[in-house]
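Take a look at the model first, and then we can go through it together.

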Amino acid sequence: MTTSDSPSPSSPAQERESLRLTIAEHPARGKLGGAWWPQSRDIDLEFAALVEEFPALQGRVMRGLFSRPDWDTAPRKVATHRGFVKVGSFPNDDTHLMILTVSAEPWRLQLLVVPSDATADKARALMAAAASVDVAGAKALLVEHGVL
């Protein structure tokens, strides 16, 4: 029997779609810069996929802060193929955000988290709106599109 200190990310039992992520052409600091539509409420699986499939031109995801109600658990780190990545949650927060610290400068990218059970039409509309220049807050977008 061998053991290893290296992370072993969860492997999904079913075939997964590619990453459902939209990033604004020029994301502004401190504002919503896009949207992410995870495929489940399993943050370990979904955040690992986000880190591993994040567009290389945008930089490398170094850390994530998430809105607690979007997920079933609240880990402090998530195993990815490149190692563990620290995550944290906003206490008592329902903003439906994922804030990524990205290595490119470094900078923080705020993403709307589209609920995994949203219909495809609503999710696409939310993702387009979140990546637009004149965007409302994340929670306001979800209410406006009838998701919350």
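How many bridges join β3 to β6, and do the two run parallel or antiparallel? Five bridges join them, and they run antiparallel. Strands here are DSSP runs of E with at least two residues, helices are runs of H or I with at least four residues, and both are numbered from the N terminus. Two strands pair if DSSP finds at least two bridges between them.

On its other listed pairing, β6 is joined to β7 (residues 107-113) by six bridges, again antiparallel. A hairpin of four residues links β6 to β7.

## What is covered

Five of the six residues of β6 are buried, where buried means under 20% relative accessible area, exposed over 50% and partly exposed in between, with a 1.4 Å probe and protein chains only.

## Helix α1

Helix α1 spans residues 43-53, and eight of its 11 residues are buried. Among them are I43, F47, L50 and V51. The buried residues pack against β1, β2, β3, β4, β5 and β6, with contact meaning heavy atoms within 4.5 Å.

At the N-terminal end, D42 caps α1, with a side-chain oxygen 3.1 Å from the backbone nitrogen of D44.

## About the model

This is a predicted model, where local features need pLDDT of at least 70, side-chain atom pairs count only at pLDDT 80 or more, and totals for chains, interfaces and linings use all residues. Residues are numbered from 1 along each chain as its sequence is written, and side-chain values use heavy atoms, leaving out hydrogens and water.

Note on methods: A polar contact is a pair of N or O atoms within 3.5 Å; within protein, one must be able to donate a hydrogen and the other to accept it, and residues adjacent in sequence count only if both atoms are side-chain atoms.
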